[in-house]
Amino acid sequence: MSDLSRCDAIGSLALSIPAAATIPAAASAQTAAISITPAFGGEHPSQPLGFDTTKLAGLSEELVRSHRENNHQGSVKALNMVEGRLAAAMTDKDLPPVIYGDLKRDELQRTGSAILLELYFEQLGGDGQAKGAIRDALTRSHGSFETWEAEFRRTAMALAGGSGWCILAWNQYTKSLHNYWAWGHTNGPVAGTPCLVLDMYEHAFAIDYGAAAAKYVEAFMHNIHWAVVDARYRAAIMG
Ligand SMILES: [Fe+2]
């Protein structure tokens, strides 16, 4: 089968919606009511922390503050700045595509960094005791909760000495919970909604643990706010 006919075949399978189909009025009104952030508004906020930075087990206030102020808030600020520059660039018809491409690359990297760090800090401040629908789902998907946890830790440690994110995600396409290895801010799983994210860049732990990544992973696991993870999972499966 030629590439062209193969595409046609796939298209005929996936696109079973009649050409004359219309969007129901109720659905149209519902989507119109959703607040949509302007594409290049440059006003993304960083949410306040939901925990006391002096109370995390095994993660010092100095470490958390440095990570928060230098990396998280720095990424949000950079993303907002890039959006402003993209808006300005769109008014310059003589701007070379390669220069616009540099801005788009930065936009993707800063978006990934800002969102992953927002999720990272949002899920801290708990007692590390897994509960809720997410625990049941991880038990079913991996055979036991302990098996899932062992694989999550192993995936995280595969990034030690380098950089990246270990991401437990609900994959909307495969309908599965999966621990993903992401070696940068832009390598998240396709169709994956993050439920639990572990920052494995050295700046996330070097102040407290030097290069001893395993000790950081251990401390991280004790601070997970599983109610937050559970809420993300339940929202994700509702799609
Ligand atoms: Fe980080």
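**Notebook: contacts, sheet and core**

Entry 1. I began with the contacts of the protein: among those with a separation of 6 or more, residues 24 or more positions apart account for 71%. I note that the model is predicted. I then looked up burial and found that buried residues make up 23% of the 239 residues.

Entry 2. I checked confidence next. The mean pLDDT of the protein is 91, and 89% of its residues reach 70 or more. Residues 1–18 have a pLDDT below 50, and beyond near neighbours in sequence I find one contact for this stretch in the model. Where pLDDT is low, the predicted coordinates should not be read in detail.

Entry 3. I listed the secondary structure. The protein has nine helices and three strands. Read from the N terminus, the order of elements is α-α-α-α-α-α-β-β-β-α-α-α.

Entry 4. I turned to the sheet. In what order do the strands of the open sheet lie? I read β2-β1-β3, with antiparallel pairing. The edge strands are β2 and β3, each of which pairs on one side only. On average, neighbouring strands of this sheet are turned by 25° against each other, direction ignored.

Entry 5. I followed the pairing of β1 with β2 (residues 176–182), which is antiparallel over seven bridges. I looked up two partners in β2: His178 is the bridge partner of Ala169, and Tyr180 is that of Ile167. The hairpin of β1 and β2 has four residues between the strands, and there Lys175 takes a positive phi near 55°.

Entry 6. Ile167 has Val197 as its bridge partner in β3, besides Tyr180 in β2. Helix α4 (residues 97–122) lies across β1 and β3, and I note that the helix runs at about 70° to β3.

Entry 7. Why is β1 described as largely enclosed by the rest of the structure? I find that six of the seven residues of this strand (residues 165–171) are buried, and it is therefore largely enclosed.

Entry 8. I looked up the largest nonpolar core, which has 37 residues. The residues with the most contacts inside this core are Trp165, Cys166, Cys195 and Met200. Strand β1 provides the largest share of the core, six residues. I also record that the core draws at least three residues from each of domain 1 (61–122) and domain 2 (133–238).

Entry 9. Which residues are in contact with Cys166, leaving aside its neighbours within four places in sequence? I list Phe152, Thr155, Ala156, Leu159, Asn179, Trp181, Leu198 and Met200. Of these contacts of Cys166, Met200 is also one of the residues with the most contacts inside the core, as is Cys166.

Note on methods. Residues numbered from 1 in each chain as written. Predicted model: local features only at pLDDT ≥ 70, side-chain atom pairs only at ≥ 80, totals over all residues. Buried ≥ 20, exposed ≤ 12 C-beta atoms within 10 Å, placed from the backbone. Helix = DSSP H or I, 4+ residues; strand = E, 2+ residues; numbered from the N terminus. Pairing = 2+ DSSP bridges. Contact = placed C-beta atoms within 7 Å. pLDDT = per-residue confidence, 0-100. Core = buried A, V, L, I, M, F, W, Y, C linked by C-beta atoms within 7 Å. Domains from an automatic or database assignment. Axes fitted to C-alpha atoms, helices over the stretch in contact; angles between N-to-C directions.
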